[in-house]
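User: I would like to learn how to read the features of a structural model one at a time. Please give the general idea where there is one, and then the case at hand.

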Amino acid sequence: MNNDNDIHDDDLKGMSPHLSKAGDNNPFKAGTDYFEDFASKIKSRIDELEEIKNEAPVLSSIPNYTPFDTPAGYFDELPTLVQQRCIENKSSTSILEWLTLLIKPRFAIPFITMVFIAFAGINFMNKNAQAPNTETAAENTFEDQLSTIDEATIIETLTADESSENKSVSNDDNSIENYLIDNHLEEYNLRNNL
Amino acid sequence: MDLSDKELLEQFRNEETRNYAFNLLVRQYQKRLYWHIRKILLNHDDTDDVLQNVFIKIWRNLESFKAESQLYTWMYRIATNESINFLNQKKKHAGIPLDDVSDFLANNLQSDSYFKGDEIQAKLQKAILTLPDKQRIVFNMKYFDNIKYEEMSAILETSVGALKASYHHAVKKIENYLTSH
């Protein structure tokens with residue numbers, strides 16, 4: 001046997017040196033468990049056909065092929081056509097598609113979370129911005145209250161306050177004068193003593 | 001050159017090779033998806049419209065595709081849903097009740113210039129049209145494409161048991177139609 005192989009190899013070397021170098025290893029491979037399952041696959045296929053033959057004899061007598069055809073060259077042109085449509089479609093993603101994306105939970109949940117965070121953030125910032133303005137708010141309310149009071153009433157109140165102050169001042173002067181008179185102190189003596 | 005799904009996805013996620021990868025993906029899957037849709041809609045023009053929309057949807061969502069399911073399972077699911085939506089829209093537009101699609105699709109079949117079947121094939125297609133949409137899809141996937149129940153389960157998001165039952169009901173209904181017409 002080996003002898004036959006050697007003769008064959010020699011012949012091949014003579015006829016095609018390149019081919020003889022390639023070796024006789026099979027370059028094709030099947031799935032790892034292809035041959036293990038093969039017999040059972042064939043068996044189950046035969047069983048199915050037998051079952052149909054028994055269950056539906058008329059159906060199984062009809063040749064099993066797809067009776068449809070396509071226009072000539074359809075499958076040669078389709079990839080280019082599809083590619084063109086994909087490129088056209090890519091550039092015109094509509095607003096509606098974005099909105100429909102938002103309906104899907106995987107987009108809707110992050111979107112709602114983001115909106116919630118943004119809303120909470122704005123609310124927080126507004127509160128902070130309002131806090132230092134409490135004084136101005138108080139001033140505003142004081143001014144508002146003043147605007148409701150009649151102007152004449154305000155003037156009357158202010159002048160009444162002034163006259164009471166003047167009264168207290170004049171009362172003080174009178175008591176000093178009385179003290180000086182009572183103690184017989186004259187202006188000339190006082191100046192000399194001072 | 002056919003790339004594995006993983007290689008296609010890697011190349012698609014790279015901006016420089018995106019268009020090339022998508023072109024390869026369309027070439028690799030266009031026939032399988034076309035025939036899947038065509039068996040639901042029957043008419044070539046409708047199938048062409050839906051198939052293009054399916055690929056546009058795939059283009060838009062492929063980057064975010066998480067390899068939790070196989071790529072072709074995911075694409076089949078998009079194709080199935082788009083086809084059913086298309087049918088429902090057509091029915092709504094034509095004022096046909098949602099559960100009565102057979103007449104509408106029979107017209108679709110007759111008006112299609114790319115139907116190459118003989119009289120018996122036409123009769124079989126009409127028998128298939130008497131099935132509810134989902135049962136029709138299950139029958140087509142099993143009878144014509146011989147897709148495994150496990151794969152169908154992933155595509156149609158239905159249990160294997162329910163799919164088996166659905167297929168057997170479909171076979172019986174079709175047999176009854178063929179024997180009585």
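User: In which loop of chain B is Asn146(B) found?

Analyst: Please note at the outset that this is a predicted model. Asn146(B) lies in the loop that runs between α7 and α8 of chain B.

User: How should I read the burial pattern of a helix, and which residues of α8(B) are buried?

Analyst: The general idea is that an α-helix has 3.6 residues a turn, so residues three or four places apart point the same way. In helix α8 (residues 149-156) of chain B, the buried residues are Met152(B), Ile155(B) and Leu156(B). Viewed down the axis of α8(B), these buried residues fall within an arc of 80 degrees, so they line one face of the helix. They pack against α4 (71-94), α7 and α9 of chain B.

User: How many of the residues of α7(B) are buried?

Analyst: Eight of the 11 residues of α7(B) are buried, so that this helix is mostly covered. The buried residues include Arg136(B), Asn140(B) and Lys142(B), along with Ile137(B) and Phe139(B). Among the elements that cover the buried residues of α7(B) are α2, α4, α6 (119-129), α8 and α9 of chain B.

User: At what angle do α7(B) and α9(B) pack?

Analyst: Helix α7 (residues 133-143) and helix α9 (residues 160-180) of chain B pack at an angle of about 90 degrees, and their axes are 9 Å apart. That angle makes α7(B) roughly perpendicular to α9(B). On the α7(B) side, the contact is made by Gln135(B), Val138(B), Phe139(B) and Lys142(B), while α9(B) contributes Leu163(B), Ser166(B), Tyr167(B), His169(B) and Ala170(B). By class, this contact has five nonpolar, three polar and one charged residues.

User: Which residues does Val138(B) contact, leaving aside its neighbours within four places in sequence?

Analyst: With those neighbours left aside, Val138(B) is in contact with Met152(B), Leu163(B), Ser166(B), Tyr167(B) and Ala170(B).

User: Which residues touch the most other members of the largest nonpolar core?

Analyst: In soluble globular proteins, nonpolar side chains tend to be buried together. Here the largest nonpolar core has 47 residues, and Leu33(B), Ile37(B) and Val138(B) touch the most other members. Helix α2 (residues 18-41) of chain B gives the most to this core, with 10 residues.

User: Where is Leu109(B) placed, and which residues does it contact beyond its neighbours within four places in sequence?

Analyst: Leu109(B) belongs to helix α5 (residues 102-111) of chain B. Beyond those sequence neighbours, Leu109(B) is in contact with Leu42(B), Phe115(B) and Gln125(B). Leu109(B) and Leu42(B) are 67 residues apart along the chain, yet their C-alpha atoms are separated by 5.7 Å.

User: How many helices and strands does chain B have?

Analyst: Chain B comes to nine helices and zero strands. Of its 181 residues, 33% count as buried. Among contacts in chain B between residues at least 6 apart in sequence, 61% join residues at least 24 apart.

User: How many residues of chain A are in contact with chain B?

Analyst: There are 22 residues of chain A in contact with 30 residues of chain B. On the side of chain A that touches chain B, the elements giving two or more residues are α3 (34-55), α4 (57-61) and α5 (74-91) of chain A. Of these, α5(A) gives the most, with nine residues. The residues on that side of chain A divide into 14 nonpolar, five polar and three charged.

Definitions and conventions:
Residues are numbered from 1 along each chain as its sequence is written. Chains are lettered from A and ligands numbered from 1 in the order in which they are written. This is a predicted model: local features need pLDDT of at least 70, side-chain atom pairs count only at pLDDT 80 or more; totals for chains, interfaces and linings use all residues. Axes are lines fitted to C-alpha atoms, for helices over the stretch in contact, and angles run from 0 to 180 degrees between N-to-C directions. Helices (H or I, at least four residues) and strands (E, at least two) are DSSP runs, numbered from the N terminus. Angles under 35 degrees count as roughly parallel, over 145 as roughly antiparallel, 65 to 115 as roughly perpendicular and the rest as oblique. Two residues are in contact if their C-beta atoms, placed from the backbone, lie within 7 Å. Ala, Val, Leu, Ile, Met, Phe, Trp, Tyr, Cys and Pro count as nonpolar, Asp, Glu, Lys and Arg as charged, and the others, Gly among them, as polar. A residue is buried if 20 or more other C-beta atoms lie within 10 Å of its own, exposed if 12 or fewer, and partly exposed in between; C-beta atoms are placed from the backbone. A nonpolar core is a set of buried Ala, Val, Leu, Ile, Met, Phe, Trp, Tyr and Cys residues joined through C-beta atoms within 7 Å. The arc is that of the directions from the helix axis to the C-beta atoms.
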